Amino acid sequence: VRKHRLWECFLVYKLDYKLQDVDGESELLEHVTSEYLLDYLSEFLGHPTHCPHGGVIPDKEGNYEEDSHLVLEAVEDNTKVVIERFIDNHDLLTYLDDLELHIGDKLTVVSHAPFEGPVEIKLETTGEVRNISYKAAHYIFVK
């Protein structure tokens, strides 16, 4: 997990890969990475604690405490939250990229449409209102 997530950081933050495109490359790289190289990679990246989609990066001994997050769908209307993590799923990440949603975005949950309709959100920085599908809102974690 550590190798995979550090390679994700490198690919996104240093090579400008799109978030939805890093999983396959990271999978390949993790299997050919020595602990020696991994130490240098971590240092080069500034010892990140979370990968680009918000997952915790274990320490060298493999220890980590997973952050607990609330799914966006479960947030009550008129509540302000910050996006903390996305499930690492290509289709979801492509959908969120199209919506221009990112880790760290601050937003207000405006409303939930009935019968598994979309969750309406308002971005704090721009004031833009967007609809997030009911299914996607189960894979976006917030605090």
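1. Ala, Val, Leu, Ile, Met, Phe, Trp, Tyr, Cys and Pro count here as nonpolar; Asp, Glu, Lys and Arg count as charged; the others, Gly among them, are polar. By these classes, the lining of the second largest pocket has five nonpolar, two polar and two charged residues.

2. This is a predicted model: local features need pLDDT of at least 70, side-chain atom pairs count only at pLDDT 80 or more, and totals for chains, interfaces and linings use all residues. Residues are numbered from 1 along each chain as its sequence is written, and side-chain values use heavy atoms, with hydrogens and water left out.

3. A pocket is an open set of points on a 1 Å grid over the protein atoms alone, where a 1.4 Å probe fits, with protein on both sides within 12 Å along at least five of seven lines; lining residues have an atom within 4 Å of a point. Volume is the space filled by probe spheres set on the points, which are joined across faces, edges and corners.

4. The second largest pocket has a volume of about 150 Å³. Its lining includes Ile87, Asp91, Tyr95, Lys135 and Tyr139.

5. The largest pocket holds about 220 Å³ of space. Its lining has 14 residues; Leu19, Pro52, Phe86, Leu101 and His102 lie nearest the centre. The lining divides into 10 nonpolar, two polar and two charged residues. H4 gives the largest share, three residues. Helices here are DSSP runs (H or I, at least four residues), numbered from the N terminus, as are strands (E, at least two).
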